[in-house]
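Subject: Structure handover

Hello,

Please find the structure below, with notes on what was found in it.

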Amino acid sequence: MSPARTLSAWNRKILETFSVRTVDALRAALPLRLALPRIESFLAENVAKEAQKDGLVIRRVGEALAEGRMPDEEWSRQVLAATKEIDRAFLARVTDFPIGIVIRYEEIEPVRKQRINALRDASCRILEVWRSAGGGRKAIRACLPRAELERLLLDLMRLYALETKALSRSLRLPALLVPLRERLAQSLYEVMNDVAARLAREVGTIVYPAAKQAAHPIESSLA
């Protein structure tokens, strides 16, 4: 598997873990627990959509570097446009959900641009040293101190949470839940941020282990 595909798979595993733990946390949170049967399927499809977008970013970074080019702002604009195709496929998949979704790009695009650029810059740094460092974790350790890695992961997950919050405001909910829409969106964002902080620290421990430890599902996806 190419370095870009390996990095993309590792990123996907982190996002999937983030989503599962978010759902677990939501089960203990009111009013989100009441709405969970209606939004759980949305969250599962949403994380698959975001992992696909991240994979697109990482893959195109790898392609640009292989051609001797550094991704710039025009590159980011082209990737942003390509993510809308992924959105359209997502909306086609969720037509049978018990909720409806409308994507308001005027609110989502600024957040998405930040996430694309942050992932672009980090991917460039990691992929540039991947082969000389001798693998994924070694490449990350070579260019990102632990504190910076954890801050990067937290920022990426926070931006994902912000986009999810904006998207959740667009859900067409049953009449009973409509008055709770803003509270639901804010509570979802807070839960996701709490989960993100813990997960970022955990991934930092995986990449920078203090001692020999048992294999972790996230660790196994990164050479």
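A cavity here is a set of grid points where a 1.4 Å probe fits but cannot get out, and its volume is the space filled by probe spheres set on the points. Please keep in mind that this is a predicted model.

Cavities

The structure holds five cavities of 30 Å³ or more. The volume of the largest cavity is about 140 Å³. Its lining is made up of 15 residues, and those closest to the centre are Leu7, Trp10, Asn11, Leu119 and Ile126. Helix H1 (3–26), H4 and H6 are the elements that each give two or more residues to this lining. Sorted by class, the lining has 13 nonpolar residues and two polar ones, with no charged residues.

Helices H4 and H6

Two of the elements that line the largest cavity, H4 and H6, also pack against each other. The axes of H4 (residues 105–133) and H6 (residues 146–168) come within 9 Å and cross at roughly 155°. Angles over 145 degrees count as roughly antiparallel, and H4 and H6 are therefore roughly antiparallel to each other. The crossing in which H4 passes H6 is left-handed.

On the H4 side, the contact is made by Glu107, Ile108, Val111, Arg112, Gln114, Arg115, Ala118, Leu119, Ala122 and Arg125. H6 contributes Glu148, Leu152, Leu156, Leu159, Tyr160, Leu162, Glu163, Ala166 and Leu167. By class, the residues of this contact are twelve nonpolar, one polar and six charged. Leu119 of H4 belongs to this contact and is also among the residues closest to the centre of the largest cavity.

Regards

Key. Residues numbered from 1 in each chain as written. Predicted model: local features only at pLDDT ≥ 70, side-chain atom pairs only at ≥ 80, totals over all residues. Heavy atoms only, no water. Axes fitted to C-alpha atoms, helices over the stretch in contact; angles between N-to-C directions. Helix = DSSP H or I, 4+ residues; strand = E, 2+ residues; numbered from the N terminus. Parallel < 35°, antiparallel > 145°, perpendicular 65-115°, else oblique. Left-handed = near helix turned anticlockwise from the far one by under 90°. Contact = heavy atoms within 4.5 Å. Nonpolar A, V, L, I, M, F, W, Y, C, P; charged D, E, K, R; others polar. 1 Å grid on protein atoms, 1.4 Å probe; cavity = no way out; pocket = protein on both sides within 12 Å on 5 of 7 lines; lining within 4 Å.
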